[in-house]
Amino acid sequence: MPASPSTARAINDRLALRLLQQQGPLTAAQLKQHTGLSRPTVADLVDRLAASGLIQVVGEAGEQRRGPNAKLYGIVADRAHLAALDVRTEGVSVLVSDLVGRVLGEASVPIGGDTGTGHAVELAVALVERVAKEAGADRLHTVGIGAPGLIDPATGELRDSGGLPAWHRRLVAVLQERLPTARVTVENETNLAALAEQRDGAARDRDTFVLLWLGFGTGAAVVLDGHLRRGASGGTGEIGFLPVPWTRGLPSATDCAGGFHSLASSAAITELAGRHGVTAPPGTEEPLGAGLVRAAVQAVSAGGAGAGDAGVVPVGVAGAGGAGVGSAGGAAGAGSAEGGAGAFLDALADRVALGVASVVAVLDPGCVVLGGEVGHAGGEELAGRVEERIRRMAPLPTEVRAGVLGGAAVLRGALLTAREAAQEVLFAPLDR
């Protein structure tokens, strides 16, 4: 059935606002071109949105042009201010932006493992308040939080987890108390990283892919047909618990030690690098695991060594609690006494490939992005080695890409979700 006039106006308004958000300021003529609407309809919606305070004239399209069609209209950026948080086990990063996503302020604070819950929460909340004040944001409209752990799909709350600091869950409640007019949302950090890589990073051309997070810990985010999949209990992608060979045991319901985490976490990478004589340069500001991988990639690039330094693609994994077991073909594991940056990257690629191969066998995503600080540091060098192994291990064609945004993807994803949530409210159909 045809839409009522009020419904049609609401649809047209939303369309115009989305175009202004995605493409920046546009003239009325450009809005007409992009929307296919008539000139009177565009003129009507421009007047309506301007009167509501959602858009304003921000300039003119060329010095030679005059008249109403030359005016550039843009979203009123300070109509709402947003905050994004990246909550890690060792600290919090915060940024504040306007409605179009322009960053107005950003800061971080470390929070040690021995910091009490109350003090940790106060440090984090005070950081949000300080950054907002310095950014000139008197009142925050929406706050997006990225945190490790499971998000309850029914309540949207961060679920209790024995492996995470208690202050993580308390922080969400206290922020809502201290910012009573703001909408506070929380999402798993790896899911946010995937959204950011899809919008602004390595997966911009993919509507189906998996992001494998390699940082302090491990995780995965699944995007199928353009939609983020969270699972029945919010646990899709908890790949750290994936049982894998060559570890000292099996993971449990409360501890991922013995799972994929034991092979690819920052601590495991650090131990693996030590056995291959790989060290990070002093003074590096990135996490140790990422610094070691970056140092190895630089050493290999400087030496002209490609994937498989010795001309062999190793398929076994050693040093994760045993002597390492070769494949059915008898190849020795890369984590043997052989040192060097290339051997270290081969050994790491062996480990990462176990997780990727499991994902590929179940989901057939066609593309896996190595995200997080380690995935970014490994770049195309590590991604290429992993992809070569997947070609040997799985019959399904899979492209392995290096993440573009690294650890910054979580904060970027939190900002994207906060902006989407704010615009969902502000761009709602006007009351006519």
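## A first look at this structure

Of the 432 residues in the protein, 50% are buried, meaning under 20% relative accessible area with a 1.4 Å probe, counting protein chains only (over 50% is exposed, and in between is partly exposed). This is a predicted model, where local features need pLDDT of at least 70, side-chain atom pairs count only at pLDDT 80 or more, and totals for chains, interfaces and linings use all residues. Residues are numbered from 1 along each chain as its sequence is written, and side-chain values use heavy atoms, leaving out hydrogens and water.

The protein has twelve helices and 13 strands, which are DSSP runs numbered from the N terminus (helices: H or I, at least four residues; strands: E, at least two).

Five strands form an open sheet with mixed pairing, in the order S11-S10-S9-S12-S13; two strands pair if DSSP finds at least two bridges between them. S11 and S13 stand at the edges with a single partner strand each, so one side of each is left without a neighbour in the sheet. S10 and S11 pair in the antiparallel sense over three bridges, and Val 223 stands opposite Leu 228 in S11.

Helix H10 (residues 341–363) lies across S9, S10 and S12, where contact means heavy atoms within 4.5 Å.

| Residue | Relative accessible area |
|---|---|
| Cys 256 | 18%, buried |
| Cys 367 | 0%, buried |

The structure holds zero disulfides, a disulfide being a pair of cysteine sulfur atoms within 2.5 Å.

Technical notes:
Axes are lines fitted to C-alpha atoms, for helices over the stretch in contact, and angles run from 0 to 180 degrees between N-to-C directions.
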